[in-house]
Amino acid sequence: MNSSFSIKIVLLITFFFSSLIKANDYTLTVTDANHHLAEVEIIFKNVKTKSFSVKLPIWRTGRYQVLNLPSNIRNFEALDANNKPLQFQKDDKNTWRIMVNTPHIVKVKYQVYANLLRSRVSHIDETHAFLDATGVFMYSEAQRNDPLTVKLNVPQDWRSVSGMESIGLHQFQAENYDQLVDSPIESGIHTFDSIKVEEQTYEIVIWGEGNFDMERLKKDIEKLHYQAKSIWKTFPFKRYVYMYHAGDNLRGATEHVNSTIIQTDRMGFYPDKNYNKLIATTAHEFVHTWNVKSYRPAGISPYDYSKENYSDLFWMAEGMTSFYDNLLSVRSEIFSVTEYLENVAKDIHNFKNKPGRSVMSLAESSFDTWLPNNSNRAHNTTVSIYLKGSLVSWLLDKEIRELTSNKKSLDDLHYLLYKQYANSESGYTSHDVKQLLNQMTGVDFSDFWDNYIEGTKEINFDELLAFYGLQIEQKDKKDKNSKPRLSLGVNLKLNMGLSEITRMDFDGPAWKAGLAPGDQLIAIEGYRINNNLDKHLENFEEAKTYELTYFNQGQLKTTKISPIEAPPKKIKIVALDSVTKKQKKHFKSLTNQDHKKSFK
Ligand SMILES: [Zn+2]
């Protein structure tokens, strides 16, 4: 051992211990699992000011909505190094300002109510504790970049798993608070397995009981690994944790830095129609590891946990990820081409039937993603960053292929974003994306942006599909003997035995008749409406006028209504009648599958 080497060792050891000494300590003790309660203690070290503020985020990463998480905090107290109480006051809904006598160490203690399972924030019961730091652990803006440790006092037979590095039984360490926020902890009684694919290790943790098929899941997770590699070439992690919650009617998922939490109905692993949804979600969250977690739009980088973080590019974060979840599933042959095209057809059909597509642009919808939504607003006056975002991603992919003779695609754009903006402090802007597109194709994408991102220009789906040798099957709508299906342009739900309007088409028959969401339909032409509107409509004629009785704000009213022909229930994408070599090539390079006359 030479002297410079031993100096280096000493320095390393000193650095290691000094970083441990500086680390803030977080401890969570499950105190009353039955009532979803835990006690949290945080020791902040190196407090340098006499006024020291701690905060709890008001939203959590991956869900761009204000969740008002501090409402789950109770019994807050602050103590000094000798456990003497310190005065504090609340400055706003998520800030506790502590008056410190001798700046050094500040302890805060509080009770947290952890019962936000479906929003994937926190859930404690007798079988597990799922903890996303945003809803559980406070931070200090001044010490946001300091290292920290987390210790859980939970039943000893539980397993604790997180994307964070484990430093003991139920103990973890993080480089800083941001890493803690992006590394939820799942502690409890689990089904567990892991696989190594090349240099990467994937851990699979399932909480809850259900019809799991771990071997199938592992095989597909391995396939997704190689699909991601084909786009991004390298992996921003060595270890990745797939956390699944299998419960009653659970759904949805959230991406994190090197882990994800996916919720599914406990019977969601079988048969294929259930499993395909689960694996598409799995692919979606995995794609987010690059798109959003590695490179993010400006506006959400770095995160501000105390307020909304605005961006006109949320559609790239979510829509492009949705485009890839279906696509990677067919490229890896987890989905058949038919299954892939069924999903695309469903998206096109849903989008074409939403009046909101001509009201709001993708950029506006991205910016306003923080506003609360309901099904009527979503349908009539907004567009989904997921749905339109994924269709515009496909259109952009086609434009890039067309301009580069199929040499480049959206995959290359994402590779460039990864190369240039991975872990960038400021994130990328629309201008940056347009510049990359220009660099790839030699063409200015300002018009494309104005039309489809900033504007509401209709997407020409026939042209888009034809590029890949595909078309929407034009079925003869009515055979000679059957009448067209009729519609009043409403969605209904049964409420206390009455058919209540949840959503109406803008300018549809119900709209024109003066009805509104919340109205309850009573009778049409004097006959009771009781979950049987379609049956009544089978006996009516298109454009003829009928008398409708309904409750509006509890008052009985009567109106006239004229049904119209209903849009088809679904559409199908099939091969064009004659397909060129070029179209076949486009299809193959998009899906990695051969173009066939009929898809299986
Ligand atoms: Zn997503």
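A polar contact is a pair of N or O atoms within 3.5 Å; within protein, one must be able to donate a hydrogen and the other to accept it, and residues adjacent in sequence count only if both atoms are side-chain atoms. Keep that in mind for the first stop. The model is predicted, so local features need pLDDT of at least 70 and side-chain atom pairs pLDDT 80 or more, while totals for chains, interfaces and linings use all residues. Residues are numbered from 1 along each chain as its sequence is written, and side-chain values use heavy atoms, without hydrogens and water.

**Stop 1: D519.** Select D519, in the loop between helix 14 (509-512) and strand 26 (520-524); helices (H or I, at least four residues) and strands (E, at least two) are DSSP runs, numbered from the N terminus. Which side chain makes a polar contact with the side chain of D519? Show N552: the two side chains meet at 2.8 Å.

**Stop 2: two cis bonds.** Go to Y270 and P271, joined by a cis peptide bond with omega about -5°. P271 sits in the loop between strand 21 (259-265) and helix 4 (272-288). Next, select S301 and P302, where the peptide bond is also cis, with omega near -10°. You will find P302 in the loop between helix 4 and helix 5 (314-331).

**Stop 3: positive phi.** Select D507, in the loop between strand 25 (498-504) and helix 14. This residue is not a glycine, yet its phi is positive, near 70°. Finish at N531, between strand 27 (527-528) and helix 15 (533-538), with a positive phi of about 60°.
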